[in-house]
Amino acid sequence: MKTDLLLQVKQHILEEPARLDMAIYKYQLKPGSRYVPPFGEPSCGTVGCIAGWALMLANKTVVENNDHDNCDTAMALLGLGSNEAARLFLPEKWPRVLWQGYRAARKQKDGATAARVVGERIDLFIESNGLI
């Protein structure tokens with residue numbers, strides 16, 4: 001597992017919670033777009049999930065409308081197997097308290113709390129060597 005990149009992703013999201021959306025790999029905001037970021041508009045104009053930010057921070061291309069390629073590339077970058085990737089990339093596979101915390105923060109549009117929960121998820125994932 002490439003913990004250095006995971007910690008970069010965590011820090012990037014915590015620095016500006018509006019960059020976070022666990023439902024999308026990457027979205028570059030455009031004028032007239034119908035997409036509304038869940039936690040406001042980030043200054044960089046880009047939102048993404050854990051896998052998406054791993055790709056972007058490693059200067060890899062995020063392929064639009066191609067979840068399979070994006071997931072495979074993020075898995076390779078982070079040194080993860082498919083089960084580990086599911087536990088990290090899919091909030092519904094997170095420990096219940098973290099999944100519920102993220103869902104509640106998203107519903108309340110509380111980006112700071114959502115980012116903190118994602119940071120906790122990344123920390124727990126690293127501490128458990130991808131087992132939790």
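These legends describe an overview and several close-up views of one predicted model.

The model is predicted: local features need pLDDT of at least 70, side-chain atom pairs count only at pLDDT 80 or more, and totals for chains, interfaces and linings use all residues. Residues are numbered from 1 along each chain as its sequence is written, and side-chain values use heavy atoms, with hydrogens and water left out.

View 1. The order from the N terminus is α-β-β-α-α-α-α-α. Helices (H or I, at least four residues) and strands (E, at least two) are DSSP runs, numbered from the N terminus. The C-alpha atoms fill a box of roughly 40 × 30 × 20 Å along the principal axes. The radius of gyration is 14 Å, which agrees with the value near 14 Å for a compact globule of 132 residues. That radius is taken over C-alpha atoms, and the globule rule is 2.2 Å times the number of residues to the power 0.38.

**View 2. The surface and interior of the chain in totals.** Of the 132 residues, 45% are buried. Buried means under 20% relative accessible area, exposed means over 50%, and partly exposed lies in between (1.4 Å probe, protein chains only). The chain exposes about 7,100 Å², and carbon and sulfur atoms supply 49% of that area. Accessible areas come from the Shrake-Rupley method with a 1.4 Å probe; for residues, only the protein chains shown count as cover. Take the contacts between residues at least 6 apart in sequence: 59% join residues at least 24 apart. Contact means heavy atoms within 4.5 Å.

**View 3. The 16 positive and 15 negative charges of the chain.** Their mean positions are 5 Å apart. Lys and Arg count as positive, Asp and Glu as negative; His and the chain ends are not counted. Each charge is placed at NZ of Lys, CZ of Arg, CG of Asp or CD of Glu.

**View 4. L5 and H12 in helix α1.** L5 is buried, at 8% relative accessibility. C49 is 44 residues from L5 in sequence and 14 Å from it in space, C-alpha to C-alpha. H12 is also buried, with a relative accessible area of 15%. The contacts of H12 beyond four places in sequence are R19, W53 and L57.

**View 5. E16 in the loop between α1 (3-15) and β1 (26-28).** E16 counts as buried, at 16% relative accessibility. Leaving aside neighbours within four places in sequence, E16 is in contact with E41, P42, S43 and C44.

**View 6. Helix α2 is mostly covered.** In α2, 7 of 8 residues are buried. They are I50, A51, G52, W53, A54, L55 and M56. These buried residues pack against helices α1, α3, α4 and α6, and against strands β1 and β2 (46-48). Just after α2, N59 takes a positive phi of about 60 degrees.

**View 7. Helix α4 (residues 82-89) and its buried side.** The buried residues here are A85, L88 and F89. They cover an arc of only 85 degrees around the axis, so they sit on the same side of α4. The arc is that of the directions from the helix axis to the C-beta atoms. An α-helix has 3.6 residues a turn, so residues three or four places apart point the same way. Cover for the buried residues of α4 includes α1, α2 (50-57), α3 (67-78) and α6 (111-127). N83 also lies in α4. N83 is exposed, with a relative accessible area of 57%. G101 is 18 residues from N83 in sequence and 22 Å from it in space, C-alpha to C-alpha.

**View 8. N59 and N129 have positive phi values.** N59 belongs to the loop between α2 and α3. Its phi is near 60 degrees, a positive value in a residue other than glycine. N59 is exposed, with a relative accessible area of 71%. N129 lies in the segment after α6. N129 has a phi of about 55 degrees, although it is not a glycine. N129 is exposed, at 52% relative accessible area.
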